[in-house]
Amino acid sequence: MWMHNGNIGGWKYVKRNLALGLRGKWFSSVGGNTDSEWAFAVFLDALDQMGYDPDSASLSGSGFGHSVLRKALLTTIERINTLIAEIPDTERRESDEDLECRSLLNFAVTDGHSVVCTRYVSSMKDEAASLYWSSGTSWQEDMSIKGRYRMERRDKGADIVLVASEPLTFERGKCDPKDTKRTGFYSLPSILVAEADPFPTDDWVIVPTNSTLTIHKQAVMIHPIIDKYYNPNPSYTRSTGFAVSKGLDVIEEKERGE
């Protein structure tokens with residue numbers, strides 16, 4: 001399963017070369033003209049070139065593994081960024097309006113065993129479209145308010161992990177890798193691993209801009225996407241204007257707890 005929330009920058013000029021870069025099987029698999037469909041074809045092509053056949057029935061019992069899915073997603077983003085960088089200056093100048101080359105690439109993919117999502121923007125100055133996650137033992141209706149639901153946590157297990165562009169309840173947490181006592185995150189090289197119940201009083205945790213979110217069994221892992229648009233400073237402020245102009249929600253400063 002595949003999902004894309006956002007846009008590929010310079011799509012009018014990128015689409016042809018993106019299609020030409022695909023193996024015939026994945027080029028022929030695209031039935032429409034949206035950038036999301038073609039991005040999925042790039043992802044499938046990336047898996048194929050890594051030596052994993054997306055159509056292989058033998059993988060149905062175990063999947064590709066979350067590391068493989070994550071690597072293929074990062075390759076997809078890299079290939080899209082490379083194609084945008086190759087748009088000739090003449091085409092940029094001859095555009096009827098200023099050519100928008102920034103991309104919003106919130107992807108989600110699963111092989112039935114692991115889920116990997118990205119929250120990404122190809123810009124050093126702009127905020128990506130928002131992305132949140134929540135974990136617990138059950139997703140139940142709040143009996144005090146009809147029609148409202150919340151994540152129940154009866155123990156330290158994480159039987160359910162939800163990912164959404166916007167919180168589905170009103171309690172929100174924050175992902176602060178420096179505050180290990182409060183958040184329950186512990187650091188590994190270039191990775192944050194969430195223990196099963198890091199936020200006993202908050203339902204939703206913000207995925208940082210330009211990061212991947214990986215769900216595998218009871219672990220929720222956050223990796224930074226380290227490329228030229230990456231900023232390691234956790235207090236670095238980005239503009240919300242670009243994502244808002246595309247009709248997408250973003251995370252306000254007050255929600256980050258900064």
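**Exercise 1. The hairpin of E2 and E3**

Find which residue in the hairpin of E2 and E3 takes a positive phi, and describe how the strands around it pair.

Step 1. In this predicted model, the hairpin of E2 and E3 has 3 residues between the strands, and glycine 112 takes a positive phi near 90 degrees. Helices (H or I, at least four residues) and strands (E, at least two) are DSSP runs, numbered from the N terminus.

Step 2. E2 and E3 pair in the antiparallel sense over 3 bridges; two strands pair if DSSP finds at least two bridges between them. Threonine 110 stands opposite valine 115 in E3.

Step 3. Strand E1 (residues 2-7) is joined to E2 by 6 bridges, and these two strands run antiparallel. Here asparagine 5 faces asparagine 106 in E2.

Step 4. Of the 7 residues of strand E2 (residues 104-110), 6 are buried. Buried means under 20% relative accessible area, exposed over 50%, partly exposed in between (1.4 Å probe, protein chains only).

Step 5. Leucine 104 lies in strand E2 and counts as buried because its relative accessibility is 0%. Alanine 243 is 139 residues from leucine 104 in sequence, and their C-alpha atoms are 7.6 Å apart.

A note on the basis of these values: residues are numbered from 1 along each chain as its sequence is written, and side-chain values use heavy atoms, with hydrogens and water left out. As this is a predicted model, local features need pLDDT of at least 70 and side-chain atom pairs count only at pLDDT 80 or more, while totals for chains, interfaces and linings use all residues.

**Exercise 2. An open sheet**

Work out in which order the 3 strands of the open sheet lie.

Step 1. The order is E7-E4-E10, and the pairing is antiparallel.

Step 2. Strand E7 (160-164) and strand E10 (205-206) are the edge strands, each pairing on one side only.

Step 3. Strand E4 (residues 132-136) pairs with E10 over 2 bridges in the antiparallel sense. Tyrosine 132 has isoleucine 206 in E10 as its bridge partner.

Step 4. Serine 130 sits in the loop between strand E3 (114-119) and E4. Because its relative accessible area is 1%, serine 130 is buried.

Step 5. The side chains of serine 130 and glutamate 166 make a polar contact of 2.8 Å. A polar contact is a pair of N or O atoms within 3.5 Å; within protein, one must be able to donate a hydrogen and the other to accept it, and residues adjacent in sequence count only if both atoms are side-chain atoms.

**Exercise 3. Asparagine 210 and serine 211**

Step 1. Asparagine 210 is in the loop between E10 and E11. Although it is not a glycine, asparagine 210 has a positive phi of about 55 degrees.

Step 2. Serine 211 belongs to strand E11 (residues 211-216).

Step 3. A polar atom of the serine 211 side chain lies 3.2 Å from the backbone oxygen of proline 208.

Step 4. Not counting residues up to four places away in sequence, serine 211 touches Cys117, Thr118, Arg119, Ile222, His223, Pro224 and Ile225. Contact means heavy atoms within 4.5 Å.

**Exercise 4. Helices H1 and H3**

Describe how the axes of H1 and H3 cross, and list which residues make the contact.

Step 1. The axes of helix H1 (residues 11-20) and helix H3 (residues 35-49) come within 11 Å and cross at roughly 30 degrees. Axes are lines fitted to C-alpha atoms, for helices over the stretch in contact, and angles run from 0 to 180 degrees between N-to-C directions.

Step 2. From H1, Trp11, Lys15, Leu18 and Ala19 take part; from H3, Asp35, Trp38 and Val42 do.

**Exercise 5. Aspartate 55**

Locate aspartate 55 and name which residues it contacts.

Step 1. Aspartate 55 is in the loop between H3 and helix H4 (66-85).

Step 2. Leaving aside neighbours within four places in sequence, aspartate 55 is in contact with Lys25 and Trp26.

Step 3. The side chains of aspartate 55 and lysine 25 are joined by a polar contact of 2.9 Å.
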